[in-house]
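Here is a brief report on selected residues.

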Amino acid sequence: MAVSYKKLWKLLIDLDMKKKDLQQAAGVSSALIAKLGRNENVSTDSLVKICSALHCDIGDIMEVIDL
């Protein structure tokens, strides 16, 4: 099992936002955005910050996939 953040990147496209815009809106570091880009694990607190900034649910930005 692995985590995929493809839904997040699609949502950013729909909202016409760049990764830098997300970083500033959610108050997260560029290192966290890089971890998301590599589908690495990040803290739940960070995911909640992103969801709050985008006014969405956690299922809207990530999914668990089978390898």
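Gln23 is buried because its relative accessibility is 17%, where buried means under 20% relative accessible area, exposed over 50% and partly exposed in between (1.4 Å probe, protein chains only). The model is predicted: local features need pLDDT of at least 70, side-chain atom pairs count only at pLDDT 80 or more, and totals for chains, interfaces and linings use all residues. Residues are numbered from 1 along each chain as its sequence is written, and side-chain values use heavy atoms, with hydrogens and water left out.

Gln23 sits in helix H2 (residues 19-26). Helices are DSSP runs (H or I, at least four residues), numbered from the N terminus. Leaving aside residues up to four places away in sequence, Gln23 touches Val28, Ser29, Ser30 and Ile33; contact means heavy atoms within 4.5 Å.

Ser29 lies in the loop between H2 and helix H3 (30-37). A polar atom of the Ser29 side chain is 3.1 Å from the backbone nitrogen of Leu32. Ser29 and Ala53 are 24 residues apart along the chain, and their C-alpha atoms are separated by 14 Å.

| Residue | Relative accessibility | Class |
|---|---|---|
| Gln23 | 17% | buried |
| Ser29 | 40% | partly exposed |
| Cys51 | 9% | buried |

How many disulfides are there? The count is 0, with a disulfide taken as a pair of cysteine sulfur atoms within 2.5 Å. Cys51 is in no disulfide; its nearest cysteine sulfur, that of Cys56, is 4.2 Å away. Cys56 is likewise in no disulfide, and its nearest cysteine sulfur is that of Cys51.

Notes:
Helix = DSSP H or I, 4+ residues; strand = E, 2+ residues; numbered from the N terminus. Polar contact = N/O pair within 3.5 Å; in protein donor to acceptor, adjacent residues only side chain to side chain.
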